[in-house]
Amino acid sequence: PFFISPAYSVPRMTIWRSAPLRSKTSDDYFWGPPLIVGGLVLAGSGSGSELPTARGRLSAYSLRNGRKLWSTAMVPPGGNGGGILAPPAVGRGTGSVWVATGSPYKTVPGPNPGTAAIVEIALRDGRVLWTDQVYPADRRGFDFNSAVLLLGRRAVAANKDGIYAWDRIARRRLWHRRLTPASEKPGGTAGPTDGPEGGPIATDG
């Protein structure tokens, strides 16, 4: 991530530049804009080319100097996918940050936890506090593409298969509303060209 000076009276300049996040086995790509809160810069990432060895991550950097403070993978070692495709959302007064994740890049045995899920993470150290995997072992591409919208007790996010809501205090799923077929053919995949993308959502409160 870069932090750019917003001042209009002086030429814009790069204040700091973080070390690259990607490794020899990943091609980490920042899909959505970062979120700045409490001296932290929070940025979600995923594979730029759906590399099957890559894992989605939420990373926290110091706003002051760009030092990486923590970086939490959304799936365990051996898993893949779980890319964070939209900005994170911070719950005020809870000390936690919420993200929604994408599908696996490649099918692996078992549920591949952390993919196609909503995840609550501790702001202080990046610990995963709670997760609800909506589509275990997803083979159809049911990504969560939106940021998590926080409204009182509710957390809401858009998936390619519609809108989902949770009670984030009780940590339980409340409802799901499909808006349109998730794929052209029953049982088919919900890819970028043959299914809804489930982008940003808004509320009037």
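Predicted model: local features only at pLDDT ≥ 70, side-chain atom pairs only at ≥ 80, totals over all residues.
The secondary structure of the chain consists of 15 strands and zero helices. Along the principal axes, the C-alpha atoms fill a box of roughly 55 × 40 × 30 Å. Buried positions make up 47% of the 205 residues. The accessible surface of the chain amounts to about 10800 Å², and carbon and sulfur atoms contribute 55% of this area. Among contacts with a sequence separation of 6 or more, 45% are formed by residues 24 or more positions apart.

Four strands form an open sheet in the order β12-β13-β14-β15, and their pairing is antiparallel. The antiparallel pairing of β12 with β13 (residues 154-159) extends over three bridges. In this pairing, Leu149 lies opposite Val156 of β13.

The largest nonpolar core contains 16 residues, of which Ile118, Phe144, Val148 and Trp166 touch the most other members. At least two residues of this core come from each of β9 (96-100), β13 and β14 (162-167). Two of these strands, β13 and β14, also belong to the open sheet described above. With residues up to four places away in sequence not counted, Val148 touches Ala89, Trp98, Val99, Ala100, Ile118, Ala155, Val156 and Ala157. Val156, one of these contacts of Val148, is also the residue that stands opposite Leu149. Another core, of 13 residues, lies apart from the largest one and includes Leu58, Trp70, Ile84 and Val119. In soluble globular proteins, nonpolar side chains tend to be buried together.

Gly32 is located in the loop between β3 (28-29) and β4 (35-37). The relative accessibility of Gly32 is 16%, so this residue counts as buried, the cut-off being under 20%. A distance of 4.6 Å separates the C-alpha atoms of Gly32 and Ala86, two residues that are 54 residues apart along the chain.

Terms used. Residues numbered from 1 in each chain as written. Heavy atoms only, no water. Pairing = 2+ DSSP bridges. Buried < 20%, exposed > 50% of the residue type's maximum accessible area, 1.4 Å probe, protein only. Core = buried A, V, L, I, M, F, W, Y, C linked by side-chain atoms within 4.5 Å. Contact = heavy atoms within 4.5 Å. Areas by Shrake-Rupley, 256 points an atom, 1.4 Å probe, with all protein chains shown as cover.
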